[in-house]
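Visitor: I would like to learn how to read the features of this structure with you. Could we take them one at a time, with the general idea stated before each case?

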Amino acid sequence: MPDIESLLKEKRVFKPSPEFSRQANWNRKTVAEYRKLGSTNPTRFWAKMAKEHVSWFTPWKKVLDWKPPFAKWFVGAKLNVSYNCLDRHLEGENAWRRNKAAIIWEGEPGDSRVITYAQLHREVCKFANVLKGLGVKKGDRVALYMPMIPELAVAMLACTRIGAPHSIVFGGFSADSLRDRINDAGAVVVITADGGYRRGSSFALKPMVDKAVEGADCVEHVVVVKRTGETTGMMSPRDVWWHDLMANASPKCPAAKLDAEHPLFILYTSGTTGKPKGILHTTGGYLVHVATTAKAIFDLKDEDVFWCSADIGWITGHSYVIYGPLANGATTVMYEGVPTHPGPDRWWSIIERWGVSVFYTAPTAIRTFIRLGDQHPKKHDLSSLRLLGTVGEPINPEAWIWYHRVIGGRKCPIVDTWWQTETGGIMITPLPGAVATKPGSATLAFPGIDAEVLSEEGDPTKPPGGGFLAIRKPWPGMLRGIWGDNQRYAETYWSKWKNIYFAGDGAHREKDGYFWIMGRVDDVMNISGHRIGTMEVESALVSHQLVAEAAVVGRPDEITGTAIVAFVTVRVGTKTDVDLVDTLRNHVTKEIGAIAKPKEIRFTDALPKTRSGKIMRRLLRDIASGKDTVGDTTTLEDYSVLAALRESDDG
Ligand code: WT7
């Protein structure tokens, strides 16, 4: 792997400055103490964190009940996530936070809203009553398909207030993807908006919901937020306007006392098959994990303005736009639109105007900004920043250094955080006041997390060396299952080794114990920090009537990390021209969403296969990442001839 080779040649070390360490929530001493406790007695460590960072209505009887591969954390305890994110910041010694900004929101057209903790609490209570009024009961699933507007945060917290697990579907997914997710979760209500803003114009969301719900009988109501004001067809009595329901809703709604293992949310992510997995997270353990990591890794203080640029439709947005920061009483920034509207400096202008002090984003965004040029961030005063973070994929050292120099003004520590939808919260990361960083390395496991690099057989790699990234002990934020499919849960994550979690990533460990994550080892691609299964895109392609067969692979891409390349064989007599390329790319967008749109489509007469009929992806990957000449396909054709010969041998 050439990428990891270049990462490993990275010798620069950035030690935490004494000034940062002095003020850090977790300094060297704390971290050393927690590492010791976390490795000798992880349940005691997490119980300590649970007491410190979360408020409970009823204490637990047992910290962990581990019947592999099923874990229960804080057994017997009762709590409520919205209570932890809101109510407790309005009471007693925290009452001063009533009028502190909980959310600073900026719309793409330039409109903005600052919502205090007291206001957010009121809105959430009202919407929780709205949900109850629509017949939503504890345990019922609610699907959210919304732009990045404050109502999304309100809806999430209202769901948690009454114990209705939410399933957020990223607004970029197609109607078909939305329908699949609504049906899989059996959602009774869908919350959406008339539309949203992106790249300077409005787009409609509600028509997608109409299309999706046509084939989803479980849905009883669709709640629509008016965002863009465009003409929206409303089907009575199914469809209801958010503002109509809110106008008469009572602002009093006690937070339900929920079991620590009550389902909190389902979030779909791609796997190696065509069917997305509904990752299930529950209440107590998840909240302990995200509240603790947000406080320790982002060093959150009451004065901070924290901005995680992820869309709430992804796990990063769930954990570090909403739940982690709000559980800590922090101010969190939400931005609706694209980074480059109206100009390439939009993000830097947000940081300057709102005084963002801690900023968390993805390597793909950083690479985009590098390409756009230093003049854009340099136009803005970014001196409010004191800490930076990255997530989603390995960061190349050049991008790390640029981020450090141009955005961080050489003074901000960078936390490169490794985790997954399944892990709920951050797992491998520097602690900014205690751990020296190396560009491209996520450094060390968070205290209480037993991360290791294992061989195929499950033996720990002797550093320096590479293998599969594994987590050897349960952790509070871990997924509790795949919605409706315990067998797939056990097979996907717990079958490679006995009672050890298989993350699906390759990793390398150095003598100093530092982790260098090398990317996926399965048939899952990482596109701009988001997972897309090769099978998912293949299924979408073959669902087109002109396609006979398709094989999809990833190839390195300067901006998105990986780009999707599809090898396609068409039905006999089909004209393989640029029009068909467009048709197929749009077809994938329609089936899954723009995030899965192949960058390149190559037509071929046959796909190279093994004797058993398995597509030789390694070969296709080589071809895809080679030079972009048409000549490449000849190699492929040679192989397809070979494959064809082998098949006739078998016959
Ligand atoms: C996959 C998880 C929760 C993060 C957002 C993506 C890759 C994530 C890093 C990192 C190297 C990373 C891994 C992982 N990844 N963070 N700091 N360094 N790789 O969540 O869609 O569940 O994807 O993202 O490959 O398995 P996700």
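Guide: A polar contact is a pair of N or O atoms within 3.5 Å; within protein, one atom must be able to donate a hydrogen and the other to accept it, and residues adjacent in sequence count only if both atoms are side-chain atoms. Here a backbone N or O atom of Thr417 lies 2.7 Å from a nitrogen atom of the ligand, while a polar side-chain atom of Asp416 lies 2.7 Å from a nitrogen atom of the ligand. On the oxygen side, a polar side-chain atom of Arg531 is placed 2.7 Å from an oxygen atom of the ligand. The protein covers 97% of the 560 Å² of accessible area that the ligand has on its own, with areas taken from the Shrake-Rupley method with a 1.4 Å probe and, for residues, only the protein chains shown counting as cover.

Guide: Please keep in mind that this is a predicted model, in which local features need pLDDT of at least 70 and side-chain atom pairs count only at pLDDT 80 or more, whereas totals for chains, interfaces and linings use all residues. Residues are numbered from 1 along each chain as its sequence is written, and side-chain values use heavy atoms, with hydrogens and water left out.

Visitor: How many residues surround the ligand, and which are the closest?

Guide: A residue is near a molecule if one of its heavy atoms lies within 4 Å of it. The ligand is surrounded by 18 residues, the closest being Asp416, Thr417, Thr421, Asp505 and Arg531. Helix 12 (315-327), strand 20 (414-417) and strand 25 (515-520) each supply at least two residues of this shell, where helices (H or I, at least four residues) and strands (E, at least two) are DSSP runs numbered from the N terminus.

Visitor: Is Ser270 buried or exposed?

Guide: Buried means under 20% relative accessible area, exposed over 50%, and partly exposed in between, with a 1.4 Å probe and protein chains only. Ser270, found in the loop between strand 14 and strand 15 (277-282), counts as buried because its relative accessibility is 5%. Its side chain reaches the backbone oxygen of Arg531 at 3.0 Å and makes a polar contact with the side chain of Glu536 at 2.6 Å.

Visitor: Why is helix 8 described as largely enclosed?

Guide: Helix 8 (residues 175-185) is largely enclosed by the rest of the structure because 8 of its 11 residues are buried. Among them are Asp176, Arg179 and Arg181. Just after helix 8, Gly186 takes a positive phi of about 65°.
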